[in-house]
Amino acid sequence: CVSPEGFAGVAKLGFSWQGDDVLPFRGVENLARLLVRLFDQQNSEQLVCLVQERIPDVRCEYRVLCFQDAARMGYAREGLWLRMKEKGKHHMHQALCEVDDFALASAHVVSIERIAS
């Protein structure tokens with residue numbers, strides 16, 4: 001069982017893109033501060049925040065992009081593996097980030113063969 005002070009996770013506003021509104025936290029007090037800062041951003045209309053347990057030492061992120069294919073009257077999807085950025089580098093909320101060993105996914109696609117090595 002993890003104590004409230006030891007719980008580590010990630011808070012992400014529901015419609016953020018490329019980690020714009022994704023921040024790691026350690027402990028419930030840190031989470032509370034992050035939520036206030038994320039929801040109090042100027043011109044933000046966000047209503048949803050996802051909070052998940054943090055997985056340490058992530059090497060890559062798998063994303064599935066889904067598209068409506070109007071010409072074929074259906075949907076298409078493509079899975080991509082993305083390399084992680086350097087730990088501690090946050091492009092949007094660097095000043096708010098109190099956890100220095102967190103890495104965001106980059107926009108650089110990598111092959112499954114490279115990930116496995």
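Helices (H or I, at least four residues) and strands (E, at least two) are taken here as DSSP runs, numbered from the N terminus. The structure is a predicted model, in which local features need pLDDT of at least 70 and side-chain atom pairs count only at pLDDT 80 or more, whereas totals for chains, interfaces and linings use all residues. Residues are numbered from 1 along each chain as its sequence is written, and side-chain values use heavy atoms, with hydrogens and water left out.

## The chain as a whole

The secondary structure of the chain comes to two helices and six strands, and along the sequence these elements follow the pattern β-β-α-β-β-β-β-α. The C-alpha atoms fill a box of roughly 50 × 40 × 30 Å, taken along the principal axes. Of the 117 residues, 29% count as buried, where buried means under 20% relative accessible area, exposed means over 50%, and partly exposed lies in between (1.4 Å probe, protein chains only). Contact means heavy atoms within 4.5 Å; among contacts between residues at least 6 apart in sequence, 51% join residues at least 24 apart.

## The sheet of β1, β2 and β3

Two strands are said to pair if DSSP finds at least two bridges between them. By this criterion, an open sheet of three strands has the order β2-β1-β3, with antiparallel pairing. Its edge strands are β2 (22–26) and β3 (49–53), each of which pairs on one side only. Neighbouring strands of this sheet are turned by 25 degrees against each other on average, direction ignored, the axes being lines fitted to C-alpha atoms (for helices over the stretch in contact) and the angles running from 0 to 180 degrees between N-to-C directions.

Strand β1 (residues 8–13) is joined to β2 by five bridges, and the two run antiparallel; K12 has V22 in β2 as its bridge partner. The C-alpha atoms of A8 and P24 are separated by 7.5 Å, although the two residues are 16 apart along the chain. Leaving aside neighbours within four places in sequence, A8 is in contact with F25, R26, E53 and R54.

## Helix α1 on the sheet

Helix α1 (residues 28–39) lies across β1, β2 and β3, running at about 160 degrees to β2. With 12 residues, α1 reaches 16 Å from its first C-alpha to its last, close to the 16 Å expected at 1.5 Å a residue, the expected span being 1.5 Å times one less than the number of residues. The buried residues of α1 are N30, L31, L34 and L38. Seen down the axis of α1, these buried residues fall within an arc of 100 degrees, so they line one face of the helix; the arc is that of the directions from the helix axis to the C-beta atoms. An α-helix has 3.6 residues a turn, so residues three or four places apart point the same way. The buried residues of α1 pack against β1, β2 and β3.

## The sheet of β4, β5 and β6

A further open sheet of three strands has the order β4-β5-β6, with antiparallel pairing. Here β4 (60–69) and β6 (105–110) stand at the edges, each with a single partner strand, so one side of each is left without a neighbour in the sheet. The twist averages 50 degrees from one strand to the next. β4 and strand β5 (residues 74–84) are joined by 10 bridges, whereas β5 and β6 pair in the antiparallel sense over three bridges. β4 and β5 form a hairpin with four residues between them, and M73 in the turn has a positive phi of about 55 degrees.

| Residue | Bridge partner | Strand of the partner |
|---|---|---|
| E61 | L82 | β5 |
| C66 | R77 | β5 |
| L82 | V109 | β6 |

## Cysteines

How many disulfides does a search of the whole structure find? The search finds zero, a disulfide being a pair of cysteine sulfur atoms within 2.5 Å. The sulfur of C60 is 18 Å from the closest cysteine sulfur, in C66, which is too far for a bond. C60 counts as buried at 17% relative accessibility, whereas C66 is exposed, with a relative accessible area of 58%.
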